[in-house]
Amino acid sequence: MATEGPPTCRVQVAEHPRLLKLKEMFNSKFGSIPKFYVRAPGRVNIIGEHIDYCGYSVLPMAVEQDILIAVEPVKANTLQLSNTNPLYPDFSTSANHVQIDKTKPLWHNYVLCGFKGIQEHFGLSNLPGMNCLVDGTIPPSSGLSSSSAVVCCAGLAAITVLGMSLSKVELAEICARSERYIGTEGGGMDQSISFLAEEGTAKLIEFSPLRATDVKLPSGAVFVIASSCVEMNKAATSHFNTRVMECRLAAKLLAKYKGLQWGKVLRLEEVQADLRVGLEEMLLITEDALHPEPYSPEEVCRCLGISLQEFRTQILSPNTQDVPIFKLYQRAKHVFGEAARVLQFKKVCEEAPDNTVELLGELMDQSHVSCRDLYECSCPELDQLVDICRTFGAQGSRLTGAGWGGCTVSLVPTDKLPSFLANVQEAYYQRSDRSLGPENQRTRSF
(Lines give C-alpha, C1' and ligand atoms only; values in the text may rest on other atoms or scores of the structure.)
Protein backbone atom coordinates (compact mmCIF):
# COMPACT_ATOMS: atom_id res chain seq x y z
CA MET A 1 0.00 0.00 0.00
CA ALA A 2 1.21 3.51 -0.83
CA THR A 3 0.31 4.65 2.71
CA GLU A 4 2.77 2.15 4.17
CA GLY A 5 6.50 2.59 4.38
CA PRO A 6 8.92 0.68 2.15
CA PRO A 7 9.18 -3.01 3.10
CA THR A 8 12.10 -4.25 5.16
CA CYS A 9 13.38 -7.79 5.51
CA ARG A 10 16.20 -9.70 7.18
CA VAL A 11 18.53 -11.47 4.76
CA GLN A 12 21.43 -13.85 5.07
CA VAL A 13 24.11 -11.92 3.21
CA ALA A 14 26.07 -15.13 2.59
CA GLU A 15 23.15 -16.42 0.49
CA HIS A 16 23.22 -13.39 -1.83
CA PRO A 17 26.44 -13.18 -3.88
CA ARG A 18 25.99 -9.50 -4.73
CA LEU A 19 25.38 -8.49 -1.11
CA LEU A 20 28.28 -10.63 0.02
CA LYS A 21 30.60 -8.96 -2.49
CA LEU A 22 29.30 -5.54 -1.42
CA LYS A 23 29.91 -6.41 2.23
CA GLU A 24 33.47 -7.52 1.47
CA MET A 25 34.18 -4.36 -0.53
CA PHE A 26 32.72 -2.26 2.28
CA ASN A 27 35.00 -3.95 4.81
CA SER A 28 37.98 -3.41 2.55
CA LYS A 29 37.10 0.26 2.11
CA PHE A 30 36.02 1.23 5.64
CA GLY A 31 37.46 -1.53 7.85
CA SER A 32 34.02 -2.44 9.19
CA ILE A 33 30.79 -4.08 8.03
CA PRO A 34 27.51 -2.43 6.96
CA LYS A 35 24.65 -2.28 9.44
CA PHE A 36 22.02 -2.45 6.69
CA TYR A 37 21.44 -2.29 2.93
CA VAL A 38 18.87 -0.23 0.99
CA ARG A 39 17.64 -0.82 -2.55
CA ALA A 40 15.75 1.19 -5.18
CA PRO A 41 14.94 -0.09 -8.70
CA GLY A 42 15.28 1.69 -12.00
CA ARG A 43 12.31 2.08 -14.32
CA VAL A 44 11.22 2.03 -17.93
CA ASN A 45 8.56 4.47 -19.00
CA ILE A 46 6.23 2.61 -21.35
CA ILE A 47 4.42 5.75 -22.50
CA GLY A 48 4.03 9.33 -21.31
CA GLU A 49 7.30 11.12 -22.06
CA HIS A 50 8.09 14.61 -20.78
CA ILE A 51 4.62 15.17 -19.37
CA ASP A 52 4.98 14.47 -15.64
CA TYR A 53 6.46 17.92 -15.05
CA CYS A 54 3.48 19.33 -16.94
CA GLY A 55 1.12 17.70 -14.40
CA TYR A 56 -0.01 14.76 -16.52
CA SER A 57 -0.18 11.04 -15.80
CA VAL A 58 2.53 8.64 -16.95
CA LEU A 59 2.73 4.87 -17.31
CA PRO A 60 6.05 3.35 -16.17
CA MET A 61 7.08 0.09 -14.58
CA ALA A 62 10.10 -0.85 -12.48
CA VAL A 63 12.94 -2.97 -13.88
CA GLU A 64 15.07 -5.51 -12.05
CA GLN A 65 18.21 -3.38 -12.43
CA ASP A 66 18.71 -1.34 -9.27
CA ILE A 67 20.86 0.71 -6.93
CA LEU A 68 22.07 -0.75 -3.63
CA ILE A 69 23.72 1.18 -0.81
CA ALA A 70 25.50 -0.52 2.06
CA VAL A 71 25.31 1.76 5.10
CA GLU A 72 27.04 2.04 8.46
CA PRO A 73 26.11 4.86 10.89
CA VAL A 74 29.26 6.32 12.49
CA LYS A 75 29.96 8.66 15.40
CA ALA A 76 32.18 10.90 13.29
CA ASN A 77 30.36 13.91 11.89
CA THR A 78 31.21 12.88 8.32
CA LEU A 79 29.49 11.45 5.27
CA GLN A 80 31.90 9.07 3.51
CA LEU A 81 30.62 8.05 0.06
CA SER A 82 32.22 5.38 -2.10
CA ASN A 83 31.16 3.54 -5.25
CA THR A 84 31.95 0.03 -6.41
CA ASN A 85 32.52 1.47 -9.89
CA PRO A 86 36.11 2.78 -10.00
CA LEU A 87 35.05 5.46 -12.49
CA TYR A 88 33.29 7.25 -9.62
CA PRO A 89 35.79 8.67 -7.10
CA ASP A 90 35.30 8.65 -3.33
CA PHE A 91 33.77 11.71 -1.71
CA SER A 92 33.68 12.95 1.86
CA THR A 93 31.86 15.91 3.39
CA SER A 94 30.62 17.20 6.71
CA ALA A 95 27.22 15.93 7.84
CA ASN A 96 26.51 19.38 9.29
CA HIS A 97 26.16 21.30 6.08
CA VAL A 98 25.27 19.30 2.98
CA GLN A 99 26.05 21.36 -0.13
CA ILE A 100 25.28 20.33 -3.71
CA ASP A 101 27.13 21.82 -6.66
CA LYS A 102 24.59 22.34 -9.44
CA THR A 103 27.30 23.09 -11.97
CA LYS A 104 28.71 19.56 -11.78
CA PRO A 105 26.27 16.59 -11.87
CA LEU A 106 28.79 14.27 -10.21
CA TRP A 107 27.60 10.92 -8.88
CA HIS A 108 27.91 11.79 -5.20
CA ASN A 109 25.65 14.84 -5.58
CA TYR A 110 22.68 12.51 -6.22
CA VAL A 111 23.38 10.77 -2.91
CA LEU A 112 23.55 14.15 -1.22
CA CYS A 113 20.20 15.12 -2.79
CA GLY A 114 18.50 12.20 -1.03
CA PHE A 115 20.18 13.03 2.28
CA LYS A 116 19.36 16.74 2.05
CA GLY A 117 15.72 16.07 1.17
CA ILE A 118 15.21 14.00 4.32
CA GLN A 119 17.16 16.47 6.46
CA GLU A 120 15.02 19.40 5.30
CA HIS A 121 11.76 17.46 5.55
CA PHE A 122 12.34 16.83 9.24
CA GLY A 123 13.91 20.26 9.85
CA LEU A 124 17.17 18.78 11.12
CA SER A 125 20.23 20.97 11.61
CA ASN A 126 22.50 18.11 10.62
CA LEU A 127 22.57 14.42 9.73
CA PRO A 128 24.26 11.53 11.50
CA GLY A 129 27.61 10.49 10.11
CA MET A 130 27.56 7.58 7.67
CA ASN A 131 29.82 5.34 5.66
CA CYS A 132 28.10 4.42 2.39
CA LEU A 133 29.11 2.14 -0.47
CA VAL A 134 26.96 2.44 -3.60
CA ASP A 135 26.53 -0.33 -6.16
CA GLY A 136 24.40 -0.15 -9.29
CA THR A 137 23.29 -2.39 -12.14
CA ILE A 138 21.32 0.33 -14.00
CA PRO A 139 23.40 1.53 -16.97
CA PRO A 140 24.21 5.22 -16.32
CA SER A 141 22.73 7.89 -18.60
CA SER A 142 20.56 5.25 -20.27
CA GLY A 143 17.11 6.74 -19.66
CA LEU A 144 16.31 4.05 -17.08
CA SER A 145 16.50 6.43 -14.12
CA SER A 146 19.75 5.46 -12.46
CA SER A 147 20.14 8.95 -10.97
CA SER A 148 16.67 8.98 -9.39
CA ALA A 149 17.23 5.49 -7.99
CA VAL A 150 20.37 6.80 -6.28
CA VAL A 151 18.40 9.70 -4.79
CA CYS A 152 15.65 7.33 -3.58
CA CYS A 153 18.17 4.91 -2.13
CA ALA A 154 19.93 7.72 -0.27
CA GLY A 155 16.60 8.95 1.10
CA LEU A 156 15.89 5.44 2.39
CA ALA A 157 19.33 5.28 3.97
CA ALA A 158 18.82 8.60 5.74
CA ILE A 159 15.44 7.76 7.30
CA THR A 160 16.74 4.35 8.37
CA VAL A 161 19.75 5.84 10.14
CA LEU A 162 17.51 8.45 11.75
CA GLY A 163 15.00 5.82 12.86
CA MET A 164 12.20 7.79 11.18
CA SER A 165 9.28 6.43 9.15
CA LEU A 166 7.59 7.81 6.07
CA SER A 167 5.06 6.37 3.63
CA LYS A 168 6.11 5.43 0.12
CA VAL A 169 4.18 8.42 -1.25
CA GLU A 170 5.88 10.81 1.17
CA LEU A 171 9.29 9.41 0.27
CA ALA A 172 8.55 9.70 -3.45
CA GLU A 173 7.46 13.31 -3.11
CA ILE A 174 10.47 14.25 -0.98
CA CYS A 175 12.92 12.57 -3.35
CA ALA A 176 11.28 14.16 -6.41
CA ARG A 177 11.73 17.61 -4.85
CA SER A 178 15.22 16.95 -3.59
CA GLU A 179 16.56 15.73 -6.95
CA ARG A 180 15.94 19.26 -8.21
CA TYR A 181 18.89 20.36 -6.05
CA ILE A 182 21.04 19.00 -8.86
CA GLY A 183 19.49 21.55 -11.23
CA THR A 184 17.02 19.49 -13.28
CA GLU A 185 13.36 20.51 -13.10
CA GLY A 186 11.92 16.97 -13.21
CA GLY A 187 8.34 16.02 -12.54
CA GLY A 188 8.30 13.06 -10.17
CA MET A 189 7.63 9.95 -12.26
CA ASP A 190 11.02 8.35 -11.64
CA GLN A 191 10.94 8.58 -7.86
CA SER A 192 7.26 7.59 -7.71
CA ILE A 193 7.64 4.34 -9.61
CA SER A 194 10.83 3.49 -7.73
CA PHE A 195 8.86 3.52 -4.45
CA LEU A 196 5.37 2.54 -5.64
CA ALA A 197 6.18 -0.22 -8.14
CA GLU A 198 4.84 -3.72 -7.58
CA GLU A 199 5.89 -6.95 -9.23
CA GLY A 200 3.86 -8.07 -12.21
CA THR A 201 2.19 -4.76 -13.08
CA ALA A 202 2.85 -1.39 -14.62
CA LYS A 203 1.47 1.69 -12.87
CA LEU A 204 -0.49 4.72 -13.95
CA ILE A 205 1.17 7.46 -11.89
CA GLU A 206 -1.01 10.51 -11.30
CA PHE A 207 -0.02 13.73 -9.56
CA SER A 208 -1.57 16.32 -7.24
CA PRO A 209 -2.15 14.23 -5.22
CA LEU A 210 0.38 11.53 -6.04
CA ARG A 211 -1.26 8.13 -6.54
CA ALA A 212 -0.56 4.91 -8.43
CA THR A 213 -3.01 2.53 -10.13
CA ASP A 214 -2.20 -0.96 -11.40
CA VAL A 215 -2.24 -1.39 -15.18
CA LYS A 216 -2.33 -5.03 -16.26
CA LEU A 217 -0.21 -5.45 -19.37
CA PRO A 218 -1.27 -7.85 -22.13
CA SER A 219 -0.21 -11.47 -22.18
CA GLY A 220 1.40 -12.81 -25.31
CA ALA A 221 3.88 -9.95 -25.65
CA VAL A 222 6.90 -8.58 -23.80
CA PHE A 223 8.54 -5.18 -23.50
CA VAL A 224 12.14 -5.18 -24.69
CA ILE A 225 14.56 -2.46 -23.62
CA ALA A 226 17.48 -1.78 -25.96
CA SER A 227 20.32 0.69 -25.48
CA SER A 228 21.20 3.10 -28.27
CA CYS A 229 24.72 3.24 -26.79
CA VAL A 230 24.43 7.03 -26.70
CA GLU A 231 24.75 8.31 -23.14
CA MET A 232 22.80 11.39 -22.14
CA ASN A 233 23.04 12.97 -18.69
CA LYS A 234 20.07 15.33 -18.54
CA ALA A 235 21.68 17.34 -15.73
CA ALA A 236 24.80 17.98 -17.84
CA THR A 237 23.06 19.94 -20.61
CA SER A 238 20.30 22.53 -20.91
CA HIS A 239 18.10 20.41 -23.22
CA PHE A 240 15.87 19.08 -20.46
CA ASN A 241 15.37 22.34 -18.57
CA THR A 242 14.76 24.20 -21.83
CA ARG A 243 11.84 21.85 -22.56
CA VAL A 244 10.48 22.39 -19.05
CA MET A 245 10.65 26.15 -19.57
CA GLU A 246 9.05 25.95 -23.03
CA CYS A 247 6.10 24.06 -21.52
CA ARG A 248 5.86 26.61 -18.70
CA LEU A 249 5.83 29.50 -21.18
CA ALA A 250 3.25 27.73 -23.34
CA ALA A 251 1.05 27.30 -20.27
CA LYS A 252 1.32 31.01 -19.45
CA LEU A 253 0.53 32.11 -23.01
CA LEU A 254 -2.46 29.74 -23.25
CA ALA A 255 -3.75 30.98 -19.89
CA LYS A 256 -3.37 34.61 -20.99
CA TYR A 257 -5.11 33.87 -24.29
CA LYS A 258 -8.10 32.39 -22.43
CA GLY A 259 -8.30 35.25 -19.95
CA LEU A 260 -6.99 33.29 -16.95
CA GLN A 261 -4.67 34.57 -14.23
CA TRP A 262 -1.45 33.44 -15.86
CA GLY A 263 1.10 34.78 -13.38
CA LYS A 264 1.21 31.75 -11.10
CA VAL A 265 0.57 29.14 -13.80
CA LEU A 266 3.46 26.70 -14.10
CA ARG A 267 2.02 23.59 -15.79
CA LEU A 268 -0.07 22.92 -18.86
CA GLU A 269 -2.40 20.68 -16.85
CA GLU A 270 -3.32 23.67 -14.65
CA VAL A 271 -4.62 25.50 -17.71
CA GLN A 272 -6.75 22.53 -18.74
CA ALA A 273 -8.10 22.15 -15.21
CA ASP A 274 -9.00 25.83 -15.00
CA LEU A 275 -10.75 25.72 -18.36
CA ARG A 276 -12.50 22.41 -17.52
CA VAL A 277 -12.10 21.02 -21.03
CA GLY A 278 -10.69 17.80 -22.46
CA LEU A 279 -7.32 17.17 -24.07
CA GLU A 280 -8.75 17.31 -27.58
CA GLU A 281 -10.09 20.79 -26.82
CA MET A 282 -6.68 21.83 -25.48
CA LEU A 283 -5.13 20.79 -28.78
CA LEU A 284 -7.62 23.00 -30.62
CA ILE A 285 -6.94 25.91 -28.27
CA THR A 286 -3.21 25.44 -28.90
CA GLU A 287 -3.83 25.71 -32.64
CA ASP A 288 -5.67 29.01 -32.12
CA ALA A 289 -3.46 30.57 -29.46
CA LEU A 290 0.09 29.65 -30.51
CA HIS A 291 1.93 29.77 -33.82
CA PRO A 292 4.32 27.10 -35.13
CA GLU A 293 7.15 29.59 -35.63
CA PRO A 294 9.58 29.82 -32.70
CA TYR A 295 9.06 32.61 -30.20
CA SER A 296 11.88 34.97 -29.30
CA PRO A 297 12.17 36.17 -25.69
CA GLU A 298 10.99 39.58 -26.88
CA GLU A 299 7.84 38.13 -28.45
CA VAL A 300 7.03 36.17 -25.30
CA CYS A 301 7.35 39.43 -23.35
CA ARG A 302 4.99 41.21 -25.75
CA CYS A 303 2.43 38.42 -25.46
CA LEU A 304 2.52 38.52 -21.66
CA GLY A 305 2.86 42.30 -21.37
CA ILE A 306 6.07 42.19 -19.32
CA SER A 307 9.58 43.56 -19.70
CA LEU A 308 12.60 41.50 -20.70
CA GLN A 309 14.03 42.13 -17.25
CA GLU A 310 10.88 40.75 -15.60
CA PHE A 311 10.98 37.78 -17.95
CA ARG A 312 14.53 36.91 -17.02
CA THR A 313 14.27 37.49 -13.29
CA GLN A 314 10.74 36.23 -12.59
CA ILE A 315 10.15 33.44 -15.13
CA LEU A 316 13.34 32.03 -16.65
CA SER A 317 15.43 29.58 -14.63
CA PRO A 318 19.19 30.20 -14.24
CA ASN A 319 20.13 27.73 -16.98
CA THR A 320 17.59 28.99 -19.53
CA GLN A 321 18.61 32.66 -19.43
CA ASP A 322 20.43 32.47 -22.76
CA VAL A 323 17.95 30.35 -24.74
CA PRO A 324 17.42 32.30 -28.00
CA ILE A 325 14.10 30.76 -29.13
CA PHE A 326 11.21 28.83 -27.62
CA LYS A 327 9.08 26.35 -29.59
CA LEU A 328 5.87 26.70 -27.59
CA TYR A 329 3.38 25.38 -30.16
CA GLN A 330 5.29 22.15 -30.78
CA ARG A 331 5.91 21.43 -27.08
CA ALA A 332 2.28 22.02 -26.08
CA LYS A 333 1.03 19.85 -28.96
CA HIS A 334 3.27 17.01 -27.82
CA VAL A 335 2.23 17.26 -24.17
CA PHE A 336 -1.52 17.27 -24.79
CA GLY A 337 -1.25 14.51 -27.41
CA GLU A 338 1.00 12.36 -25.23
CA ALA A 339 -1.27 12.81 -22.20
CA ALA A 340 -4.17 11.54 -24.30
CA ARG A 341 -2.12 8.53 -25.46
CA VAL A 342 -1.37 7.55 -21.85
CA LEU A 343 -5.07 7.47 -21.01
CA GLN A 344 -5.85 5.56 -24.19
CA PHE A 345 -3.08 3.04 -23.43
CA LYS A 346 -4.57 2.38 -20.00
CA LYS A 347 -8.06 2.05 -21.49
CA VAL A 348 -6.92 -0.51 -24.07
CA CYS A 349 -5.18 -2.53 -21.33
CA GLU A 350 -8.36 -2.52 -19.24
CA GLU A 351 -10.73 -3.43 -22.08
CA ALA A 352 -8.29 -5.99 -23.57
CA PRO A 353 -9.75 -6.33 -27.09
CA ASP A 354 -8.47 -9.06 -29.40
CA ASN A 355 -6.08 -6.60 -31.07
CA THR A 356 -4.72 -5.16 -27.80
CA VAL A 357 -1.06 -5.59 -28.71
CA GLU A 358 -1.57 -3.96 -32.08
CA LEU A 359 -3.41 -0.98 -30.57
CA LEU A 360 -0.80 -0.46 -27.86
CA GLY A 361 1.96 -0.68 -30.46
CA GLU A 362 0.31 2.04 -32.53
CA LEU A 363 0.19 4.33 -29.48
CA MET A 364 3.88 3.70 -28.80
CA ASP A 365 4.73 4.47 -32.43
CA GLN A 366 2.74 7.71 -32.28
CA SER A 367 4.54 8.63 -29.09
CA HIS A 368 7.95 8.24 -30.71
CA VAL A 369 6.97 10.34 -33.72
CA SER A 370 5.76 13.08 -31.39
CA CYS A 371 8.94 12.92 -29.28
CA ARG A 372 11.04 13.07 -32.46
CA ASP A 373 9.18 15.74 -34.41
CA LEU A 374 7.36 17.93 -31.87
CA TYR A 375 9.45 17.59 -28.73
CA GLU A 376 12.75 17.04 -30.57
CA CYS A 377 14.19 14.83 -27.85
CA SER A 378 15.29 11.93 -30.03
CA CYS A 379 18.60 11.47 -31.86
CA PRO A 380 19.65 9.66 -35.07
CA GLU A 381 20.74 6.53 -33.19
CA LEU A 382 17.44 6.25 -31.32
CA ASP A 383 15.49 6.73 -34.55
CA GLN A 384 17.58 4.06 -36.28
CA LEU A 385 17.12 1.62 -33.40
CA VAL A 386 13.35 2.21 -33.33
CA ASP A 387 13.17 1.54 -37.07
CA ILE A 388 15.21 -1.65 -36.73
CA CYS A 389 13.03 -2.88 -33.87
CA ARG A 390 9.88 -2.31 -35.93
CA THR A 391 11.43 -4.00 -38.96
CA PHE A 392 12.15 -7.17 -36.99
CA GLY A 393 8.80 -7.68 -35.35
CA ALA A 394 8.06 -5.03 -32.73
CA GLN A 395 4.39 -3.99 -32.76
CA GLY A 396 5.48 -0.63 -31.44
CA SER A 397 8.76 1.01 -30.45
CA ARG A 398 9.72 4.35 -28.95
CA LEU A 399 12.44 6.14 -27.06
CA THR A 400 12.06 5.95 -23.29
CA GLY A 401 13.34 8.37 -20.67
CA ALA A 402 14.42 11.94 -21.32
CA GLY A 403 15.80 11.04 -24.75
CA TRP A 404 18.71 12.53 -26.75
CA GLY A 405 20.24 9.08 -26.23
CA GLY A 406 19.56 6.25 -23.82
CA CYS A 407 17.17 3.41 -24.56
CA THR A 408 14.19 2.35 -26.60
CA VAL A 409 11.29 0.22 -25.38
CA SER A 410 9.55 -2.09 -27.84
CA LEU A 411 6.40 -4.21 -27.58
CA VAL A 412 7.21 -7.60 -29.10
CA PRO A 413 4.89 -10.61 -29.52
CA THR A 414 6.31 -13.48 -27.45
CA ASP A 415 6.52 -15.85 -30.42
CA LYS A 416 8.72 -13.36 -32.28
CA LEU A 417 11.06 -12.67 -29.37
CA PRO A 418 13.98 -15.03 -30.21
CA SER A 419 14.25 -13.88 -33.82
CA PHE A 420 13.70 -10.24 -32.77
CA LEU A 421 16.59 -10.31 -30.30
CA ALA A 422 18.94 -12.02 -32.75
CA ASN A 423 18.09 -9.70 -35.65
CA VAL A 424 18.31 -6.48 -33.62
CA GLN A 425 21.61 -7.65 -32.15
CA GLU A 426 23.02 -8.14 -35.64
CA ALA A 427 21.46 -5.12 -37.34
CA TYR A 428 22.17 -2.47 -34.70
CA TYR A 429 25.00 -3.68 -32.50
CA GLN A 430 27.17 -5.99 -34.62
CA ARG A 431 26.74 -4.40 -38.03
CA SER A 432 27.55 -0.93 -36.72
CA ASP A 433 30.21 -2.23 -34.30
CA ARG A 434 28.74 -0.29 -31.41
CA SER A 435 30.52 -0.81 -28.14
CA LEU A 436 28.26 -1.89 -25.32
CA GLY A 437 29.32 -1.62 -21.72
CA PRO A 438 29.16 -4.71 -19.51
CA GLU A 439 25.79 -3.60 -18.11
CA ASN A 440 24.03 -3.82 -21.48
CA GLN A 441 26.00 -6.25 -23.61
CA ARG A 442 22.76 -7.60 -24.97
CA THR A 443 19.25 -6.46 -25.52
CA ARG A 444 17.29 -7.14 -22.33
CA SER A 445 13.63 -8.08 -22.09
CA PHE A 446 11.39 -7.65 -19.08
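Trp 404 counts as buried at 12% relative accessibility, where buried denotes under 20% relative accessible area, exposed over 50% and partly exposed the range in between (1.4 Å probe, protein chains only). The model is predicted, so that local features need pLDDT of at least 70 and side-chain atom pairs count only at pLDDT 80 or more, whereas totals for chains, interfaces and linings use all residues. Residues are numbered from 1 along each chain as its sequence is written, and side-chain values use heavy atoms, with hydrogens and water left out.

Trp 404 lies in the loop between strand S9 (396-400) and strand S10 (407-413); helices (H or I, at least four residues) and strands (E, at least two) are DSSP runs, numbered from the N terminus. Its phi is near 60°, a positive value in a residue other than glycine. A positive phi of about 50° is also found at Ala 352, likewise not a glycine. Ala 352 is placed in the loop between helix H11 (328-351) and helix H12 (356-373) and is partly exposed, with a relative accessible area of 47%. The peptide bond from Ser 208 to Pro 209 is cis, with omega near 0°, and Pro 209 belongs to the loop between strand S6 (202-206) and strand S7 (211-215). Most residues other than glycine have a negative phi, and most peptide bonds are trans.

As a whole, the protein contains 14 helices and eleven strands. Its radius of gyration is 22 Å, close to the 22 Å that the globule rule gives for 446 residues, so the protein is as compact as a globular protein of that length; the radius is taken over C-alpha atoms, and the rule is 2.2 Å times the number of residues to the power 0.38. Along the principal axes, the C-alpha atoms fill a box of roughly 65 × 55 × 40 Å. Of the 446 residues, 54% are buried. Among contacts (heavy atoms within 4.5 Å) with a separation of 6 or more, 72% join residues 24 or more positions apart.

The largest nonpolar core comprises 122 residues, of which Phe 115, Leu 268 and Phe 345 touch the most other members. Such a core is a set of buried Ala, Val, Leu, Ile, Met, Phe, Trp, Tyr and Cys residues joined through side-chain atoms within 4.5 Å. Helix H3 (residues 146-162) gives the most to this core, with eleven residues. Apart from it lies another core, of 14 residues, including Phe 420, Ala 427, Tyr 428 and Tyr 429.

Leaving aside neighbours within four places in sequence, the contacts of Phe 345 include Ile 46, Ile 47, Leu 59 and Leu 217, as well as Phe 223 and Met 364. Phe 336 is found in helix H11 and is buried at 0% relative accessibility. With residues up to four places away in sequence not counted, Phe 336 touches Tyr 56, Leu 254, Leu 268, Leu 279, Met 282, Leu 283 and Thr 286. The C-alpha atoms of Phe 336 and Val 369 are separated by 14 Å, with the two residues 33 apart along the chain.

Helix H5 (residues 189-196) is mostly covered, eight of its eight residues being buried. Among these buried residues are Asp 190, Gln 191, Ile 193 and Phe 195. Their cover includes strand S1 (36-47), strand S2 (59-74), H3, helix H4 (168-178), S6 and S7.
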